[in-house]
Amino acid sequence: MRKRAAIVSMGYSNRSDYGDILGALPGVHAEVRGILDGMSPEDVERKARPQGDELFIVSTLPDGREITIAEDVAKRLTNACLEELSKEGFDAALIVCTGHFSPPKLDMTVLVPERIIPELLRAIGVKKLGSIVPAPEQIEDSAAQYSEFDPIVRAASPFGPKEALQETA
């Protein structure tokens, strides 16, 4: 029986930038699911926007405009998406975000970058880390998250001009 895996996007499933990940899974039925699938941009604005200094996730709308989603809303929508994938019989899912996620107990493997990345960095002996986050407001949280690696954290949108991202790097 062919294995089924999903990429859980913090936006919509119409993303074309996950081709490398999907292509790295030969023999696996892989698909992208977006936590905002089924929501209009107006719904996102009304139901998912962060309030005040609330932590947030950065994503895009189908038309390419950058948006912010309250982290608590993103967590809730991600967990609902994971539960649906599990009910559909998926074997594994990868959350494509380094935010703080605590997936529910499911009958599938859930890969959480926040747990994987530090272990990988330790395993390869990283002592100093350079990291780019999408928004300046995320620098402090990311620096705390990777504090053991003496991080240098800067901000540049992954959805903006590549030149700005390259300059920040």
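I took a pocket to be an open set of points on a 1 Å grid over the protein atoms alone, where a 1.4 Å probe fits, with protein on both sides within 12 Å along at least five of seven lines; lining residues have an atom within 4 Å of a point. Volume is the space filled by probe spheres set on the points, with points joined across faces, edges and corners.

This is a predicted model, so I kept local features at pLDDT of at least 70 and side-chain atom pairs at 80 or more, while totals for chains, interfaces and linings use all residues. Numbering runs from 1 along each chain as its sequence is written, and side-chain values use heavy atoms, without hydrogens and water.

The largest pocket comes out at about 880 Å³. Its lining has 35 residues, with Val 96, Cys 97, Thr 98, Ile 132 and Pro 134 closest to the centre.

**Sheet.** Next I looked up the open sheet: four strands, ordered E2-E1-E5-E6, with parallel pairing (two strands pair if DSSP finds at least two bridges between them). E2 (28–34) and E6 (109–111) are the edge strands with a single partner each, so one side of each has no neighbour in the sheet. E1 and E2 pair over seven bridges, and Ile 7 sits opposite Val 32 in E2.

Technical notes. Helices (H or I, at least four residues) and strands (E, at least two) are DSSP runs, numbered from the N terminus.
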